Amino acid sequence: MASPGDHSYSPLPNATSIRVLVLAPGDPDDSDISFGLITSDLDWDHDRFPDSTPRGVESISFITSEPTGDDEPPSQFPIYLDIDYETNAPERRMHPFQRYEALSYVWGDLIDPEYVFLDGGVPIPVTKNLHSALRSLRLRNGGRKLWIDALCINQSDYEEKKIQLGLMKRVYQQAEKVIAYLPLSPPDQKNINELVPQIMRASMLYIDYHKSPKNTEPDQEQYTGPLNSISDPETTTKVAVKEGESISTILANSLRDNKLYLESFGLPSVDSPLWDSWRRLFGSPYFRRIWIWQEVTLGNNLHIWFGNGEGDAEPLMFSHHFLDLYSASMTSSYNAAWCDSDEDNEATLKDRIVGSANATTMFRERILTRNAGHSRRRLIERLAAVGTFDAKDPRDKIYALLGLVSDGESFIQHVSYAPSDSVERIFARFAKLFMDRGEGIEVLLQAGLRDEEDEWPSWVPHWDSLERTVERDAARGQGITSVHMHVDESSQTLNVSGAILDDINVVNDKVLEALQVTFDGVSITRFLNTIARGFAMVFKTFTPRDPEEILNQLFYVLAQPEGRSKRLNRQEPNRPSSSQDGVDTSDSQREAESSTVALTAASTIEKEDKDTQILRTGFHEFLNYLTSLKGQISNAEEGVAQITERKSAAEYQAFMKKALATTSHRRLCVTKGGRIGMAPKRAKVGDCVAVFEGCDIHFVLRRVGNSLGKSPNEGEEGGNDKATYKLVGPAYFYMPDDETGPPGTSMRTIRIK
């Protein structure tokens, strides 16, 4: 995005000032757009800083607009400016803080640009999307004050960009309104305005229904029998279908009399054209731009502008949220099905899936942040979710989050847009900063080998293009602090205290990288094929071992329920001790604390047991599903589909959500020591399994040489102590609670390049 040349910008008066764009009025048919720039000091916002000068009085002023053509005379237009009447100045003056609206939009590519005119004369190239936004937002008869990053920040001044980046959080919080520009066609706008109230009405009915005690079912008894067994045949339901009706529509319609889901409370049919507009909305690149995350989460008085009309964003946000929580398909059928359009292809369907997932992240973050008043997440935690977002400058994958996180201000000084600070250098800088703060394990949970020839240090995450959703992996590292690692600056080698536990002996030849998107929506066929091949590999490796023992290990690897001992032994970060300021607590206080801990532990154990039982029941349902796959949907007679009903649908769904997450970009594998595990997709036979000191999470490493420069097998006996490794990535291996590794396992320094 180009911005006015340096000569067009006056330096900002101080570090808390921003520029505000004054958009000149114009007719919708007029393609010429003019604007000016004024300053606004955020520290003079009296509503936020009561000790500052009282907020100015909004008064009508007139601004002279220079003509865009040689033969046109100057013109004047009215605009509301904040005027300071509190001082003894002989004439009116502008208040230091000028109210404004902030625009949230997608930059787009500056190919075949449009032009806007600064002060009526200086042509500035802008993207077509921004030009359309300005054209639709300007008023007919008066000026409008807007903050727009591309034009209000001197994009060629790296130091100014760094300072302004530190103000982004405040820019959106102190705006009178934040306008999310999501252009839609008039028919799509009409459909969205019709659909959202229907979703909200169905959601309220669903919530009211399930609040009623008479509709609250007692806890279902979970399955506790052997996994290596088949339940009694399930019942079936016959559903009338139309010719050519998709499977996703048949399944959704079959649930309409099942009060477990939102579909029973008046939700439009999944094949309604209203959902086509919904799909196109969340397929917008808006929901994939990394900066939008901050703008949606923090924006004050967030409104959506569809192109020729606007509305409060909250009904749309809650509609999407309720679909994700209460619908049978968890939004997949509504977002990932083909629209009635010749423009649809697999790429557009994937965009809808990603856009919807990102919208879920942003909407939930907004709700939580506004309720709590601030974000409780740290930067390293938030970085785990950037893989599905786009950024023109990969460094923005980090910078765009600084206003969203609890520790963002401490990283501002390390921001740089200088060309000499490459993407790799910036990512390595932040990785080291995290390690210095005791967050090294969380860094490694997001890192991993990409290519054998890649010179990028394997311990530095590729935040520019995370290949998988690492958020779940990163969550495993929360609360773990490690000071037993440091980086050798000369060799860029990470030295970490750890132990090698085992070597990988066999791996599944199939990897689930993405679910298939078909005419019917998201298909789990690839998942089923991958799991079936993995199961065959495991059973072949362990023959003639007890199948029940193997299935039990597979359950833990696929469902990965948090073990009781792991939860209880993991300390919360910054947890205060029972002694403060050198003064011992009294015996009675210690007894009270002990009782509290005991009660908390007991409730945690009970909850974990219940959660594990639910997942185990779901796994048993899944095994039944695999064995009777062909009979799940059968066209027994013309115009009728026979739908097989699962006995424990909720448990099956809980297990599937877990298993789809744990197997994404992973390979089932077996180690030489007989452990079944889920390893990174680039793992191969011969890679080793390691743990690092103070952490119970497994990592896969690959030997790449030793201190003498020899290949892994050329070293002398005991050469593992001299070996160097590359980090392949985090893993999960089933290990009984009383097993920590082979006999004699001890910690040593592991060198990772």
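Residues are numbered from 1 along each chain as its sequence is written, and side-chain values use heavy atoms, with hydrogens and water left out. Because the model is predicted, local features need pLDDT of at least 70 and side-chain atom pairs count only at pLDDT 80 or more, while totals for chains, interfaces and linings use all residues.

Q: What makes up the secondary structure of the protein?
A: The protein has 21 helices and 25 strands. Helices (H or I, at least four residues) and strands (E, at least two) are DSSP runs, numbered from the N terminus.

Q: Why is Glu 295 called buried?
A: Buried means under 20% relative accessible area, exposed over 50%, and partly exposed in between (1.4 Å probe, protein chains only). Glu 295 has 2% relative accessibility, so Glu 295 counts as buried. Glu 295 lies in helix 8.

Q: How do you know that helix 8 is mostly covered?
A: Nine of the nine residues of helix 8 (residues 290-298) are buried. Among them are Trp 291, Trp 293, Gln 294 and Thr 297. In the protein as a whole, 50% of the 753 residues count as buried.

Q: Which residues does Glu 295 touch, not counting residues up to four places away in sequence?
A: Glu 295 touches Ser 104, Tyr 105, Tyr 172, Val 178 and Arg 289. Contact means heavy atoms within 4.5 Å. Among contacts in the protein between residues at least 6 apart in sequence, 73% join residues at least 24 apart.

Q: What makes the pair of side chains of Glu 295 and Tyr 172 a polar contact?
A: A polar contact is a pair of N or O atoms within 3.5 Å; within protein, one must be able to donate a hydrogen and the other to accept it, and residues adjacent in sequence count only if both atoms are side-chain atoms. The side chains of Glu 295 and Tyr 172 make such a contact at 3.1 Å. The side chain of Arg 378 makes polar contacts with the side chains of Glu 381 (2.9 Å) and Glu 439 (2.8 Å). Arg 378 is in the loop between helix 11 (346-372) and helix 12 (379-383).

Q: Why is the pair of Phe 619 and Phe 655 called tilted?
A: Rings of Phe, Tyr and Trp (its six-membered ring) pair if their centres lie within 6.5 Å; planes under 30 degrees apart count as stacked, over 60 as edge-to-face and the rest as tilted. The ring centres of Phe 619 and Phe 655 are 5.3 Å apart and the planes are at 55°, so the pair is tilted. Phe 619 is in helix 20 (residues 587-627) and Phe 655 in helix 21 (residues 649-663), 36 residues apart. Phe 619 is buried, because its relative accessibility is 0%, and Phe 655 is also buried at 0%.

Q: What makes the charged end of Arg 289 sit over the ring of Tyr 105?
A: A charge sits over a ring if NZ of Lys or CZ of Arg is within 6 Å of the ring centre and within 35 degrees of the ring normal. The charged end of Arg 289 is 5.8 Å from the ring centre of Tyr 105 and sits over that ring. The charged end of Arg 616 likewise sits over the ring of Phe 555, 6.0 Å from its centre.

Q: What is the largest nonpolar core, and which residues have the most contacts inside it?
A: A nonpolar core is a set of buried Ala, Val, Leu, Ile, Met, Phe, Trp, Tyr and Cys residues joined through side-chain atoms within 4.5 Å. The largest has 138 residues, and those with the most contacts inside it include Leu 379, Phe 430 and Trp 463. Helix 14 (residues 423-436) gives the largest share of this core, eight residues. Apart from this core lies another of 30 residues, among them Leu 227 and Phe 542. Leaving aside neighbours within four places in sequence, the contacts of Phe 430 include Leu 379, Tyr 399 and Trp 463.

Q: Why is Ile 111 called exposed?
A: The relative accessible area of Ile 111 is 63%, so Ile 111 is exposed. Ile 111 is in the loop between strand 6 (101-104) and strand 7 (114-118).

Q: Is His 665 buried or exposed?
A: His 665 has a relative accessible area of 9%, so His 665 is buried. His 665 has a positive phi of about 60° although it is not a glycine.
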